[in-house]
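Work through the exercises below with the sequence and the coordinates open. Each task is followed by a solution in steps.

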Amino acid sequence: MTSTRVLLVLLIVINVIRAQNNPVFKKFEYKHSFRAPNLAQRDGSIPFWIVSGDAIASGEQLRLAPSMRSRKGIAWNKRAFVESENFQVDIALKIGGQGRVGADGLGIWYTSQLGALGPVFGANDFWTGMGLFMDSFDNDGQKNNPQVSLMLNDGTRSYDHHTDGSQQILSSCQRDFRNKPYPVRVRIEYMKNVLTVHVDDGMQPTPRYELCMRAENIFLPRNGYFGVSAATGGLADDHDILDFSVFSLFNEQQKPVPAAEQIPQQEKQKYDEEFERQMKEYEQERSKFKEQHPDKVKEDDEYDPSKYYEDATARELRLIYESQNAIHQVMQNMDQRLAQIQQAQLSGAGAAAAVPQTGGVPPVSGGAGFSQPEKNEVITSLRDLTQSVRDMKQYVNEIFTKTYNIDQKIQQGGGGAAGGVDSSMHQKVDSLLNELRTVRATQVQTSGPGGSANCPNVSCVSSTIFMLIIIVQSAIIIGVVFVRSKQDKAKFY
Amino acid sequence: MRTLLFISIVFFTVFVSVTSGATFAEEKDVHDEGHIKQHLENKIEVEKLTEEQQRFHYFSMHDLNKDNYIDGIEILKALTHDHGEHPTAGPSTDEGEAERLVDAVLDDLDSNGDGVIDYSEYLRRQ
């Protein structure tokens, strides 16, 4: 008896758990969606949607508001969302302009009635349902824009633009969604009265969703209408929607199609394999064709998001992003290397610490962070350094002596040039002197025997006669000089 | 009164015959080699396509966003698209009619009911 009860309780518990962990079944709802390429039909309409205001639907995008002042445009789904209570909306959008700041913003709506043109990001105020705003402009000066905010309304409240609805919004997150190289993706999920919003950063072609907000106990109107709107003010951005995909969500029990009708796994696998094979073949063919006819390959109608976006500013931005990414990568590499080095050092220090204990070498206080080979290297390099310093010293000494010598030589050279003549003169004078001395010596020897013997054979001239002769001679010379000078004077007249 | 009725009947029959002329993934569409070749122009060298290739390229050319699924939007575009043979085609497909056509295709092909046709679902019908 008790065992059956326990079993029953267990079964209930299991069922509850299963109900909670039920995989969600997702169905694409084309009647509530639109997507580039060929977003609009030839006449500019979108099937199942109303486009009004300044909104323009073209093949590549739905431009809700162009980058001109004070424009507003809306697009609303004509069909009410009756397929399920729960939904998921994937939106790819592009908001951007030349200015550093943009305005006003873009709204994504799920309302109980069709929307109309109005003041809340292009759509009407006093709505019933949900409005998700991509608010570019900071009206309240809180420096928290661009932000993504969610506001619920029961049809009685008016959105307060001056405060960016800060008192009214349910939740918000600050995200820069302007001027991104790729479309920014927003995913809104409403399942079991839990509303979650994920926003992608628009930095790469494959979306990278990050949670922006999550709110529980949300009750949205049933059978509502999806809509989008945008408005510009004094500042203006382009507000484009590229993809608006609505999925209805079901629990496994609510699944509209029984599993029996599904394709058996094996068969499906076979088909998938064939598809893969064909796809590969096609890719190969295409690349071959591109090589063979590079001129014929032109921009075709294939979906290539970057094609729709790349204007001058976007390109510039993309280049900046790419270079930043490259820098980032290099820095990451450096970081990695640094970590490696640090690790190596730590292990080296451990080894160094272990060495003194075993080898008995006194620990070096400075060498805590060095490994043994590094130390050796440092020592050898130091040795090299001292050696080279020594060499340098030698050179300097050499240079010094050489310059000293040169200096000396220059000084000697200066004296030598003058003394070269002098020395030869000197020698001559010396030799003359020597000769004079020998002459004198011989003279002294010859006149050695006596005073009278000075002029032994010659009759000596008396000093008075000698003096007389000198006086006469000098008188004659003076007279001659006098006469000559007189003659000069006469000549002068 | 009678003439009005007559006119309306004629109009209705013409309208239906025009719109119901658009089909998706029927035998004649899938093997419409001329049309497929038009799409493959300047992409690959086409001489002769095998049946398998025809099937693949028909699927691939309608998978506009290249997510390997064909959804309702793409079916609708497949049904309404042309290559400029009718440049003065008036207002685009009537929505009710479009809905009927697309739903018919989805009912037919989308066996797991996720709103999109994958390649296995598509091939199974061929």
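## Strand pairing in chain A

Thr111(A) stands opposite Gly129(A) in S9(A). The model is a predicted one.

**Exercise 1.** State which strands of chain A are joined by the bridges between S7 and S9, and how they run. Then place both in their sheet.

*Solution.*
1. The strands are S7, residues 105-111, and S9, residues 128-135; seven bridges join them, and they run antiparallel.
2. Both belong to an open sheet of seven strands in chain A, with the order S2-S5-S15-S7-S9-S10-S11 and antiparallel pairing.
3. The edges are held by S2 (49-53) and S11 (171-174) of chain A; each has a single partner strand, so one side of each lacks a neighbour in the sheet.
4. From one strand to the next, the twist averages 15°.

**Exercise 2.** Find the bridges that tie S5(A) to S2(A) and to S15(A), then decide whether S5(A) is mostly covered or uncovered.

*Solution.*
1. On the S2(A) side, five bridges join the antiparallel pair. Asn77(A) in S5(A) has Trp49(A) opposite.
2. Towards S15(A), residues 225-231, there are five bridges, and the strands again run antiparallel. Here Trp76(A) has Gly227(A) as its bridge partner.
3. In a regular strand, side chains alternate between the two faces of the sheet.
4. One side of S5(A) carries Lys72(A), Ile74(A) and Trp76(A), the other Gly73(A), Ala75(A) and Asn77(A), and all are buried.
5. Strand S5 of chain A, residues 72-77, is thus mostly covered, with six of its six residues buried.

## Helix packing in chain B

**Exercise 3.** Describe how H3(B) and H4(B) pack, giving angle and axis distance, handedness and contact residues.

*Solution.*
1. H3 (residues 33-40) and H4 (residues 51-62) of chain B pack at about 55°, and their axes are 10 Å apart.
2. Angles under 35 degrees count as roughly parallel and those of 65 to 115 as roughly perpendicular; H3(B) and H4(B) are therefore oblique to each other.
3. Their crossing is left-handed.
4. From H3(B), Glu33(B), Ile36(B), His39(B) and Leu40(B) meet Gln54(B), His57(B), Tyr58(B) and Met61(B) of H4(B).
5. This contact of H3(B) with H4(B) comprises four nonpolar, three polar and one charged residue.

**Exercise 4.** List the buried residues of H5(B), name what they pack against, and characterise the packing with H6(B).

*Solution.*
1. Seven of the nine residues of H5 (residues 72-80) of chain B are buried: Gly72(B), Ile73(B), Glu74(B), Ile75(B), Leu76(B), Ala78(B) and Leu79(B).
2. These pack against S1 (25-35) of chain A, and within chain B against H4, S1 (70-71) and H6 (95-109).
3. For H5(B) and H6(B) the angle is about 115°, and the axes are 10 Å apart. The crossing is right-handed.
4. Gly72(B), Ile75(B), Leu76(B) and Leu79(B) of H5(B) meet Ala98(B), Leu101(B), Val102(B), Val105(B) and Leu106(B) of H6(B).
5. The classes in the contact of H5(B) with H6(B) are eight nonpolar, one polar and no charged residues.

## The interface

**Exercise 5.** How many residues of chain B are in contact with chain A, and which element of chain B gives the largest share?

*Solution.*
1. The contact involves 33 residues of chain B and 39 residues of chain A.
2. On the chain B side, H4, H5, H6 and H7 (119-125) each give two or more residues.
3. H7(B) has the largest share, five residues.
4. By class, the side of chain B that touches chain A has 12 nonpolar, 10 polar and 11 charged residues.

How values were computed:
Residues are numbered from 1 along each chain as its sequence is written. Chains are lettered from A and ligands numbered from 1 in the order in which they are written. This is a predicted model: local features need pLDDT of at least 70, side-chain atom pairs count only at pLDDT 80 or more; totals for chains, interfaces and linings use all residues. Two strands pair if DSSP finds at least two bridges between them. Helices (H or I, at least four residues) and strands (E, at least two) are DSSP runs, numbered from the N terminus. Axes are lines fitted to C-alpha atoms, for helices over the stretch in contact, and angles run from 0 to 180 degrees between N-to-C directions. A residue is buried if 20 or more other C-beta atoms lie within 10 Å of its own, exposed if 12 or fewer, and partly exposed in between; C-beta atoms are placed from the backbone. Angles under 35 degrees count as roughly parallel, over 145 as roughly antiparallel, 65 to 115 as roughly perpendicular and the rest as oblique. A crossing is left-handed if the near helix is turned anticlockwise from the far one by less than a right angle, and right-handed if clockwise. Two residues are in contact if their C-beta atoms, placed from the backbone, lie within 7 Å. Ala, Val, Leu, Ile, Met, Phe, Trp, Tyr, Cys and Pro count as nonpolar, Asp, Glu, Lys and Arg as charged, and the others, Gly among them, as polar.
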